[in-house]
Amino acid sequence: MTRALDRSPGGESFRRITDALTLLSGPGRRSGKWVKFRCPTHDDKNPSLGVTYDAAKGRTQLRCFGSCDDTTILAALTHLTTWRKVEPRANSTARLTCTPR
C-alpha cells in the first residue's frame with residue numbers, strides 16, 4: 001500500500017485509524033495538525049473528519065467537524081473494516097485502543 005502522507009509521528013492507533021479511513025475514502029489531507037478524511041457516518045463531499053496524534057499525551061484524537069459523535073465514527077469503522085473492537089475511553093478525545101481481527 002502506498003502511503004500518501006507521512007505518519008511517522010503518530011502512534012499505533014493513529015496508523016490503524018488512518019489506514020482504515022484511507023481504505024474507505026482515499027488518502028487524507030493535512031490541514032494544520034489534523035489529517036482530514038471523508039467521515040464514514042454521513043454523506044461527506046468535503047473531508048470533515050480530522051485525525052491527529054498528540055505525542056505528549058500519547059493519544060489519537062478524532063473530530064468530525066460536521067458534528068458526528070466519535071463513538072458513532074468508531075462504530076462505523078468497526079463495521080466497515082476488519083476491526084473487531086475499537087474502544088474510546090470516557091471522553092471524546094481519549095486514547096483509542098484498537099484490536100485488529
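Ser48 sits in the loop that links strand 2 (34–37) to strand 3 (49–54). Helices here (H or I, at least four residues) and strands (E, at least two) are DSSP runs, numbered from the N terminus. The model is a predicted one, where local features need pLDDT of at least 70 and side-chain atom pairs count only at pLDDT 80 or more, while totals for chains, interfaces and linings use all residues. Residues are numbered from 1 along each chain as its sequence is written, and side-chain values use heavy atoms, with hydrogens and water left out.

Is Ser48 buried or exposed? Ser48 counts as buried because its relative accessibility is 9%; buried means under 20% relative accessible area, exposed over 50%, and partly exposed in between (1.4 Å probe, protein chains only). The Ser48 side chain makes a polar contact with the side chain of Asp44, at 2.8 Å. A polar contact here is a pair of N or O atoms within 3.5 Å; within protein, one must be able to donate a hydrogen and the other to accept it, and residues adjacent in sequence count only if both atoms are side-chain atoms.

Leaving aside residues up to four places away in sequence, Ser48 touches Lys36, Phe37, Cys39, His42, Arg63, Cys64, Phe65 and Gly66. Contact means heavy atoms within 4.5 Å.

One of those neighbours, Cys64, belongs to strand 4 (residues 59–64). Cys64 is buried too, since its relative accessibility is 7%. Cys64 and Thr41 are 23 residues apart in sequence, and their C-alpha atoms are 9.5 Å apart in space.

Four of them form an open sheet in the order 1-2-3-4, with antiparallel pairing; two strands pair if DSSP finds at least two bridges between them. Why is one side of strand 1 (29–31) and of strand 4 left without a neighbour in the sheet? Both stand at the edges, and each has a single partner strand, so one side of each has no neighbour there. From one strand to the next, the twist averages 30°.

Strand 1 and strand 2 run antiparallel and are joined by three bridges. Arg30 stands opposite Val35 in strand 2, and Arg29 has Lys36 as its bridge partner in strand 2. The two strands form a hairpin with two residues between them, and Gly32 in the turn has a positive phi of about 65°. Strand 2 and strand 3 are likewise antiparallel, with three bridges joining them; Phe37 faces Leu49 of strand 3 as its opposite number.

**The helices**

In helix 2 (residues 70–80), the buried residues are Asp70, Ile73, Leu74, Ala76, Leu77 and Thr78. At the start of helix 2, a side-chain oxygen of Asp69 comes to within 3.0 Å of the backbone nitrogen of Thr71.

Helix 1 (residues 12–25) holds both Arg15 and Glu12, which are three residues apart, about one turn of the helix. Glu12 and Arg16 are four residues apart in helix 1, so about one helical turn separates them as well.

**Salt bridges**

How many salt bridges does a search of the whole structure find? The search finds four, a salt bridge being a side-chain nitrogen of Lys or Arg within 4 Å of a carboxyl oxygen of Asp or Glu. Side chains of opposite charge can pair when their charged atoms come close.

| Pair | Closest N and O atoms |
|---|---|
| Arg15 and Glu12 | 2.5 Å |
| Glu12 and Arg16 | 2.8 Å |
| Lys45 and Asp43 | 3.5 Å |

Arg16 is buried, with a relative accessible area of 19%. Arg15 counts as partly exposed at 31% relative accessibility, and Glu12 is partly exposed at 42%. Lys45 counts as exposed at 68% relative accessibility, and Asp43 is exposed at 65%. Salt bridges that share partners join Glu12, Arg15, Arg16 and Asp19 into one network.

Definitions and conventions
Axes fitted to C-alpha atoms, helices over the stretch in contact; angles between N-to-C directions.
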